[in-house]
Amino acid sequence: MVDTLWLVLGGLMFYWFVMTIAQQQGWLPEQIRTQGPITTLHTQYGKVLLDRLSQPRRFWRAYGNFGVGIAIVMMAGVFLMVLIAGIQAVVNPQPTVVNEPQNVLVIPGVNDFLPLSVAPEIVFGLLVGLVVHEGGHGLFCRVGDIEIDSMGLAMLAIIPIGAFVEPEEMSRLKADRGSQTRMFAAGVTNNFAVTIVGFLLLFGPVMGAVSVAPGAPVGDIVTGSPADQAGIERGDRITAINGESVADADALNRRLTEIEDKTVEVTVATGDGERTERVTRELFVTRSAAGALDGAANDSGQPVHIQSVNGSNVSTRAELRSLLESNPRVTVTTNRTEFELVGGAAVQGLTEESPLANRSEITNASQFVITRFDGERIVSADELSAALEATTPGDTVQVTAVVDGEKRQFTTTLTDGPADHGYIGVTIIPGIGGNTIDDFGIFEYPAEQFLASLGGTSGLSPMGFLSHSIQALSLPFAGALGATSYNFAGFVEPVTNFYTVEGPLSFLGGWLFLIANLLFWTGWININLGFFNCVPAYPLDGGHILRSTTEAVVSRLNVGDGRRLTRMVTTTIGLTMGAGLVLMVFGPQLFGG
């Protein structure tokens with residue numbers, strides 16, 4: 001990423017040098033102007049169209065007044081958000097990939113969350129956003145009888161980064177305050193309107209025609225694992241094991257847990273059809289949160305292979321579970337080290353409401369692994385979760401656990417919790433005894449989760465639209481935020497293999513995925529453009545709106561120098577916003593070490 005960023009910066013400097021020479025030599029037409037690496041294209045075309053569109057002025061004034069209200073509410077929200085984020089960046093800096101400086105740039109391939117695979121859709125969404133934004137300014141100039149000097153496009157080298165409408169300054173100053181405010185608010189209003197229309201189409205008919213294809217979607221492969229050695233790849237979909245179909249990743253996991261055969265026949269669906277692979281399984285550890293392998297089982301990028309359990313060769317999860325059923329504690333020998341494995345659900349901590357929180361022998365323990373719950377043998381974290389789902393609050397159960405190497409038994413009464421079943425108040429580490437042990441080697445792609453976030457599995461209501469919109473905004477960062485293991489860039493290869501098109505729009509076939517990507521990125525970019533331009537700092541629209549609304553409020557106050565008070569308020573808020581934005585972008589790196 002650093003190399004790519006330096007290449008981009010070098011290209012910008014070269015472009016700046018060439019364009020400076022061209023401008024000095026008079027080689028550029030007067031419609032093209034440069035300032036540093038920024039090039040602006042000016043035109044007089046479009047004024048007649050704007051005059052015609054502005055004719056229903058009563059309608060546009062009502063629309064503009066509504067937009068001003070929306071913009072003011074958004075400005076207040078953006079002000080608080082930036083202020084809080086800036087303070088947080090100083091008080092508790094948390095450098096993450098999300099707040100890396102390059103991720104502020106809306107440049108596919110430079111921004112970690114804007115991949116090149118959807119660059120055309122991102123550029124399309126950006127162009128739509130710029131056109132409707134500046135078109136709104138131009139339209140409301142004519143609604144308010146403000147003359148326009150020129151219109152055009154602003155570009156960072158050859159990349160469009162903005163559009164502009166240049167009102168004739170004297171004409172703008174002669175316009176009443178309401179006309180000016182509506183003109184400045186029109187851009188963000190249009191951006192929000194485009195987002196609403198785009199997301200309505202996306203969440204409704206488009207996602208309503210998409211469903212998750214049957215099988216286990218392969219998001220990634222563990223390097224050196226049996227699946228990797230068998231040639232299974234990212235984007236494949238596993239549809240059957242030994243001829244028995246699997247509906248999803250959970251079904252695949254259950255099937256592999258049941259089969260003791262070392263070699264299994266796997267049916268794999270790709271975009272080009274189906275193929276069959278033979279996978280020779282062997283046990284390996286990919287993660288050891290319990291510290292059995294110094295907290296990092298995969299330091300070298302390779303899985304830690306299990307060579308024997310209690311001195312016997314064990315190749316599958318089914319065999320391992322069979323051993324742990326009768327003997328909760330076994331000795332595991334790997335190609336790196338030897339450690340004791342406790343077959344059970346490892347507990348990382350207790351909540352304050354946990355019925356076990358008053359037991360000092362548990363709260364002070366460095367190891368706490370539940371091996372039996374309510375008379376049922378527990379071998380893994382999943383089995384404890386399943387056992388809890390069969391209980392109700394108020395049930396009295398007996399818990400057997402290994403606590404710091406010693407077997408302990410407790411009787412406790414389950415309490416209410418966030419789910420509709422009994423609650424024991426423990427944080428469970430995934431896997432067996434805190435170790436993630438596998439015999440296959442794939443990571444599931446959350447195809448169904450992403451589809452549900454975009455409204456593809458439910459009807460659309462006002463609250464549902466709001467919920468899906470919030471989720472859609474976070475999807476490009478979903479993996480970095482910890483919501484899933486993957487970021488969502490859209491329906492691109494090989495992800496499209498995990499979905500099918502059906503219903504009235506099935507005639508579109510794969511083109512529906514392109515439409516979905518265009519709607520997703522157009523809505524995503526437009527709402528972000530709207531939010532950004534609502535920042536109450538000059539020269540953004542929010543800064544102009546802040547000034548005009550402050551003038552309106554101050555004019556009603558009995559003060560001697562209204563202009564000075566207006567300037568003080570707007571300057572203070574603008575500088576606060578500037579400082580907050582700088583701290584948001586650079587604070588985590590500067591103060592986080």
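On a 1 Å grid over the protein atoms alone, a pocket is an open set of points with protein on both sides within 12 Å along at least five of seven lines, a cavity is a set where a 1.4 Å probe fits but cannot get out, and lining residues have an atom within 4 Å of a point. Grid points are joined across faces, edges and corners, and a volume is the space filled by probe spheres set on the points. This is a predicted model, in which local features need pLDDT of at least 70 and side-chain atom pairs count only at pLDDT 80 or more, while totals for chains, interfaces and linings use all residues. Residues are numbered from 1 along each chain as its sequence is written, and side-chain values use heavy atoms, with hydrogens and water left out.

**The second largest pocket**

- The second largest pocket holds about 1,200 Å³ of space, and of the 33 residues that line it, N253, R317, D382, T436 and I437 are the closest to its centre.
- Among the elements that each supply at least two lining residues are α9 (317–326) and α11 (381–389), but α8 gives the most, with eight residues; helices (H or I, at least four residues) and strands (E, at least two) are DSSP runs, numbered from the N terminus.

**The largest cavity**

- The structure holds one cavity of 30 Å³ or more, and about 30 Å³ of space lies in the largest cavity.
- Its lining is made up of R61, F140, V143, G144, S179 and R182, with α4 (119–143) and α6 (177–208) each supplying at least two residues.
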